[in-house]
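Hello,

Here is the structure I promised to pass on to you.

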Amino acid sequence: MAAQRDMATADAELAAAAHALLGDRRLIIATNRGPVTFTTAADGSLRPRRGSGGLVTALGHVSQRVPITWIAAAMSEGDRRAAADARLVRRALGDDETVRLRFASVERSVYEQAYNVIANPFLWFLQHQMWNLPERPVIDAATMRAWDRGYVALNDAFAREVLSQARGDREPRIMLHDYHLYLAAEPIRRARPRAILSHFTHIPWPPSSIWQTIAPPIREAIARGLLANNVVGFQTARYAHNFLRMVETFVPDATVDYDASLVKRRRFVTHVRSYPISIDPEATRRVASSRAARRRADQLLGGSREQVIVRVDRLEPSKNILRGFLAFETLLQRNARLRGRISFLAFLVPSRTGLREYGHYGREVQNAVDRINARYGRAGWRPVQLFYENDYAQALAGLSIADVVLVNPLVDGMNLVAKEAVAVSARDAVLVLSETAGAFDQMADGALAVAPADVVGTADALATALAMPREERARRLAKLRRGVEREDITWWLRRQFEDLAELVR
Ligand code: G6P
């Protein structure tokens, strides 16, 4: 009852904030990946499928609460075709008028340069500090061309689509998202000086010493581009602080006020805030308790009495999947009595398969799994089971039956899997969590902390988690769950709406 009342209050507060910000406008949201993407089937027809990753999960919940126009990049040939067929797109979203999806469409080669040369291998790697600096990055003429003709062009295309959706409105409310769209605010601001514009970065914001290594035109354009927003948001206070430092270092005509956490440039003020993103625990639980998910959970357990370690990640290097398996291997090596009694279910979602680094990493992950299974497996027991597909319900089913959930990224803006695990656990799962995940700032109290490169420490944490008495598991989980329920997606959104509505006034 009390929980229900809290939820009703939270929803009412969100509705009030949304009304203060939007009146009867639609909110315009722009992201690279949209809620659905289209592939061309063998018979030439277009098939929709749900986009993957934390951003889509989070914003999907937003669209259930306020009417939005969602502008996404046409990422595939299918998307480019679907861009011309508004009815098809509407049908793919279940004819639900609360979300209007529009594609920002550029030529394939332009998109390739923006996504597969700049955004993912360059900005993503930079911001996750995942470069082997003696070798990479090499910012050569081709990179600079991809910046100008790909990244800048894609941002311009987004700005044009936003402006076309905002036609007739001198003060549209626009939320831009993530590292693909650092430059979109400037052209929008020029055309609509009174627009209420925000940008939220879902990935980490590294210290200035990292930005210092890259070409001045790029880092300056990014800093200036973001300053065209009224509010720029980050996952953690540390990332927000890093942004202020970056502005101070690279934008000489800007004044940074650290106490008020804002930047003034040419009489324009940009507020710099942290809004840790979250999930909708109730909706997440609904998916996990659907009949299909429950059936899948039973199959996964297979009536066994083994303990289960679970991980769910997009298959990519920042998730630190390899060291997770090394830690599991160490655990089996050191604890012969655990052999045959525990299994590791890894639900890995295909991601950015066009990138060389990702392909290489995927092969290494597969090798590690094969090695562990060959070394320790025996009839009737396979230590690691790998699921390589984009199946959200199955992944939640996996999390629901976990005794231990391993979330050990090298660095992560937030990591929503940690929060989903806490929401859906049916077996008082223990969360083993990297100190370097944004989620750690909110979940340190309750999770078992690991340093991501520390394989021995991670093996120890897994052992501690597996041996933890039921009462302590329950106590930790309850604490984490209360946190996720209090600081949920509604809270994330409401705080942003309130800050933006304040500017309207
Ligand atoms: C992270 C990023 C998102 C991105 C997602 C999936 O969550 O912050 O912007 O959409 O990964 O990556 P992809 O490249 O497949 O869209």
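Below is what I found, starting with how the model was treated.

This is a predicted model, where local features need pLDDT of at least 70, side-chain atom pairs count only at pLDDT 80 or more, and totals for chains, interfaces and linings use all residues. Residues are numbered from 1 along each chain as its sequence is written, and side-chain values use heavy atoms, with hydrogens and water left out.

On overall shape, the protein chain has a radius of gyration of 23 Å, which agrees with the value near 23 Å that a compact globule of 505 residues would have (taken over C-alpha atoms; the rule is 2.2 Å times the number of residues to the power 0.38). Its C-alpha atoms fill a box of roughly 65 × 60 × 60 Å along the principal axes.

The secondary structure comprises 20 helices and 17 strands (DSSP runs: H or I, at least four residues, for helices; E, at least two, for strands). Of the 505 residues, 57% are buried, meaning under 20% relative accessible area with a 1.4 Å probe, protein chains only.

The contact between them takes 29 residues from domain 1 and 28 residues from domain 2, where contact means heavy atoms within 4.5 Å. Across the protein chain, 78% of contacts between residues at least 6 apart in sequence join residues at least 24 apart.

Best wishes

Technical notes:
Buried means under 20% relative accessible area, exposed over 50%, partly exposed in between (1.4 Å probe, protein chains only).
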